[in-house]
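Notebook open, model loaded. I'm jotting down what I look up as I go.

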Amino acid sequence: KMLRKLSRSSSNEVVLISGRDKKTFDEWFRSLKVGLVAEHGAWIKERSGDWKTLEQLSDTWKKEILPILETYADRTPGSFVEEKDFSLAWHYRATEPTLGSLRAKELKDNILSSISNLNLEVLDGNKVIEIKSSIINKGRAAQNWLSKQQYTFILAIGDDRTDEDIFAALPKEAFSVKVGVTPSKARYSLPSQKEVLP
């Protein structure tokens, strides 16, 4: 409801930036006139445009990494692998917490040793380990919009570690808000999501 209200005004440029895949984003937000950024910046869709990539990306590395993630999914009840166009993610939100955390650390160490020459990055998110190209991040996607025009007011709100790249990319006068109680590059913080709307 809030996004619909904000995006109705032609003077507002609303952009949603996420690690989600573009298909999910289309399903959730196709009725809104907003900019969309999927897979941490691998895919960009302007208000009235089609999906495009900012970089020439390869997914050939996935055939080497996917079997490792599948092994961890088989060994960890409740976990699963999500394959996106240009990234892979191992989710462990539904696992037994101690086992999930232990396997996440093992997996991260295993992947880091496997990707040293592949120009990839391992994101340790909220109950997810994600592998993606190191040249893609949410900050570069935000800069795509910032480079198009001068904005009189910029507000960015995020709750994930990957949102730090957005906060770092913004001009110093922008209002950036970290949701959560972890250290951040954002100018402001809120303790939880329920404080965001007011």
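Accessible areas here come from the Shrake-Rupley method with a 1.4 Å probe, and for residues only the protein chains shown count as cover. With that settled, I looked up the surface: the protein chain exposes about 11,500 Å², and carbon and sulfur atoms supply 51% of it.

Ground rules next. This is a predicted model, so I keep in mind that local features need pLDDT of at least 70 and side-chain atom pairs count only at pLDDT 80 or more, while totals for chains, interfaces and linings use all residues. Residues are numbered from 1 along each chain as its sequence is written, and side-chain values use heavy atoms, with hydrogens and water left out.

**Whole chain.** I find six helices and 10 strands in the protein chain; helices (H or I, at least four residues) and strands (E, at least two) are DSSP runs, numbered from the N terminus. The radius of gyration is 18 Å, close to the 16 Å that the globule rule gives for 198 residues, so the chain is as compact as a globular protein of that length. (That radius is taken over C-alpha atoms, and the rule is 2.2 Å times the number of residues to the power 0.38.) Along the principal axes, the C-alpha atoms fill a box of roughly 50 × 35 × 30 Å. Of the 198 residues, 43% count as buried, where buried means under 20% relative accessible area, exposed over 50%, and partly exposed in between (1.4 Å probe, protein chains only). I also checked contacts, meaning heavy atoms within 4.5 Å: among those between residues at least 6 apart in sequence, 42% join residues at least 24 apart.

**Lys5.** I found Lys5 in helix α1 (residues 2-8). Is Lys5 buried or exposed? Lys5 counts as exposed because its relative accessible area is 59%. Its C-alpha atom is separated by 9.5 Å from that of Leu32, 27 residues apart along the chain.

**His40.** This one sits in the loop between β2 (35-38) and β3 (43-45). His40 counts as buried because its relative accessible area is 5%. Which side chain does the His40 side chain make a polar contact with? I get Glu130, at 3.0 Å. For the record, a polar contact is a pair of N or O atoms within 3.5 Å; within protein, one must be able to donate a hydrogen and the other to accept it, and residues adjacent in sequence count only if both atoms are side-chain atoms. Leaving aside neighbours within four places in sequence, the contacts of His40 include Ser18, Gly19, Leu123, Lys132 and Thr162.

**Helix α2.** In α2 (residues 22-29), I noted Thr24, Phe25, Asp26 and Phe29 as buried. Their cover includes α1, β1 (15-17), β2 and β3. At the start of α2, a side-chain oxygen of Asp21 reaches to within 3.2 Å of the backbone nitrogen of Lys23.

**Strands.** Two strands pair if DSSP finds at least two bridges between them. I traced an open sheet of three strands, order β8-β9-β10, with parallel pairing. Its edge strands are β8 (155-158) and β10 (188-190), each pairing on one side only. Four bridges join β8 to β9 (residues 175-179), and Ile157 stands opposite Val177 in β9.

Elsewhere, I followed a hairpin that joins β4 to β5 through three residues. Strands β4 (residues 80-83) and β5 (residues 87-91) run antiparallel, joined by four bridges. There, Glu82 stands opposite Ala89 in β5.
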